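Please open the model in the viewer and keep the selection panel at hand.

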Amino acid sequence: MKRFLFLLTIIPFIDSVSGWSQSYSMSDNINISDVIESSPMKMPSVWTFRDCVDWAIANNNDVRRTMLSILKAEENIGMAKDAYLPNVGFSTNQSFTNYPAPQTGQNNNSYNSSYNVNASWTIWEGNIRKYRLESAKVLKQQQLLSGDDIIKNLELGILQAYMNILYSAEAIQIARQSLEVSTAQAERSKRLMETGKLSKVDYMQIESQKAQDQYNLVQAQTSYASSKVTLKNILNLSLDYDLQIAEMNFEDAQINSPLPTKTEVFDLAAAWLPQFKSNELNKTIYDYDLKIAKASYYPTISLSGGIGTGYNSGGTSGWGTQMKNFFNENVGVNLSVPIYDGNATKRAVAIAKLNALEYDLNKTALYNELSQTLENLFIESENARAKYIAGLTQLESTELTAQLVDRQFELGLVNPLDLLTAHNNLLNSRLELLQSKYMAILANKTIEYYSTQQVSLP
């Protein structure tokens with residue numbers, strides 16, 4: 001039956017929502033061993049929600065790639081700081097000159113050498129180094145937020161997969177109960193057929209229902225196994241690993257627990273979601289990019305200095321004397337004033353201003369997406385709650401009806417079609433109640449996470 005293939009897809013449009021009784025965030029204390037070494041975590045025998053999240057964060061490749069990006073961001077900060085340091089270099093020149101027709105008293109060959117140590121240091125260049133350093137620091141914060149976003153996506157995937165397994169496990173129980181009932185009905189019908197109280201056609205109808213319930217059980221077991229595979233893929237576990245998850249019971253109080261208002265949830269979520277924080281950092285980066293572009297309008301002041309000496313084989317004194325006599329020191333201040341650069345700076349400033357407009361566009365898009373997401377979640381929660389409450393009453397009614405029809409069938413008061421209809425109605429009521437239960441729980445827990453960054457699970 002299709003309901004056995006039910007997938008918890010209430011919130012596939014959410015990019016980074018979910019959580020447990022503990023909130024996770026990317027740490028900036030990362031070293032290379034965190035990226036390349038295997039996780040020291042011990043694999044649990046029975047997996048709880050927390051076990052799954054911890055294991056996934058420690059072993060997920062996307063999380064490790066983000067760690068690598070954070071390490072690169074730290075190096076970029078170091079490069080920006082190093083830009084304040086002076087440049088020092090050594091140079092030497094060794095040359096030989098041949099004179100085919102030398103003047104009187106001049107050698108045919110001449111050897112010359114020079115040795116210089118030069119240094120330069122930029123005193124001021126429109127504060128470009130300052131802005132680049134601050135921008136590099138902000139970019140690292142964005143990488144940290146990117147890691148938080150990946151972690152939240154992991155949590156969401158684990159939440160959906162875990163709930164799918166729980167749902168499928170209960171669906172197996174319902175399918176098994178339904179098969180037990182249809183099996184008993186088929187055995188009873190066979191006895192009635194053998195005594196002549198039931199036709200073979202009626203018996204085959206009931207036997208067909210038994211076969212359908214057997215298929216439903218196999219389908220439910222297949223869905224359960226598929227849900228496990230999904231979770232194992234998220235956890236990077238081998239396909240032959242026998243994943244066992246902890247059982248969890250949800251009370252009616254959790255399904256009908258009061259929720260905050262949509263406005264309250266919206267304000268709380270907008271204050272902490274990584275996408276919103278990252279966009280605010282984008283605004284700062286755009287400001288620095290504009291300042292860097294404008295800095296090209298300003299002059300550059302630098303300080304230079306050096307020491308040097310040299311030797312000429314045509315000189316009258318020896319190498320040591322010349323090296324001493326030619327020793328020199330120099331120092332200077334250089335001023336470079338931009339006059340015209342082919343409008344390169346003008347265009348760079350214009351592009352930086354246009355890029356800054358993306359902040360407002362992204363902010364509007366994020367607010368609209370969050371608003372729509374919360375609206376859908378609240379609608380889904382309300383619908384699932386109402387469906388669950390109605391389903392309790394409907395289940396009670398269909399159970400009584402099924403018991404009554406079953407008894408009437410034994411007495412020969414109803415035909416097999418009425419028996420099969422009551423049987424299927426009971427099966428459908430149980431599955432619909434189960435589906436609305438998990439839909440309501442998933443929606444409520446997601447709303448709770450938006451509000452608190454945490455989810456309380458039994």
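Contact here means heavy atoms within 4.5 Å. Helices are DSSP runs (H or I, at least four residues), numbered from the N terminus. The model is predicted: local features need pLDDT of at least 70, side-chain atom pairs count only at pLDDT 80 or more, and totals for chains, interfaces and linings use all residues. Residues are numbered from 1 along each chain as its sequence is written, and side-chain values use heavy atoms, with hydrogens and water left out.

First, select α5 and α11. Asp202, Gln205, Ile206, Gln209, Asp213 and Asn216 of α5 meet Pro416, Leu419, Leu420, His423, Asn424 and Leu427 of α11. The axes (lines fitted to C-alpha atoms over the stretch in contact, with angles from 0 to 180 degrees between N-to-C directions) lie 9 Å apart, at an angle of about 15°. α5 is therefore roughly parallel to α11, a term for angles under 35 degrees.

Next, select Met26, Ile158, Tyr162, Met163, Leu166, Leu231 and Leu235. In the largest nonpolar core, of 52 residues, these touch the most other members. Such a core is a set of buried Ala, Val, Leu, Ile, Met, Phe, Trp, Tyr and Cys residues joined through side-chain atoms within 4.5 Å; buried means under 20% relative accessible area (1.4 Å probe, protein chains only). The largest share of this core, 13 residues, comes from α4.

Now centre on Tyr162. Beyond its neighbours within four places in sequence, Tyr162 is in contact with Trp47, Thr48, Phe49, Cys52, Leu231, Ile245 and Ala246.

Finally, select α7 (residues 262-272), where Val265, Phe266, Ala269, Ala270 and Trp272 are buried. Their cover includes α4, α8 (274-294), α10 and α11.

Note on methods:
Buried < 20%, exposed > 50% of the residue type's maximum accessible area, 1.4 Å probe, protein only. Helix = DSSP H or I, 4+ residues; strand = E, 2+ residues; numbered from the N terminus. Parallel < 35°, antiparallel > 145°, perpendicular 65-115°, else oblique.
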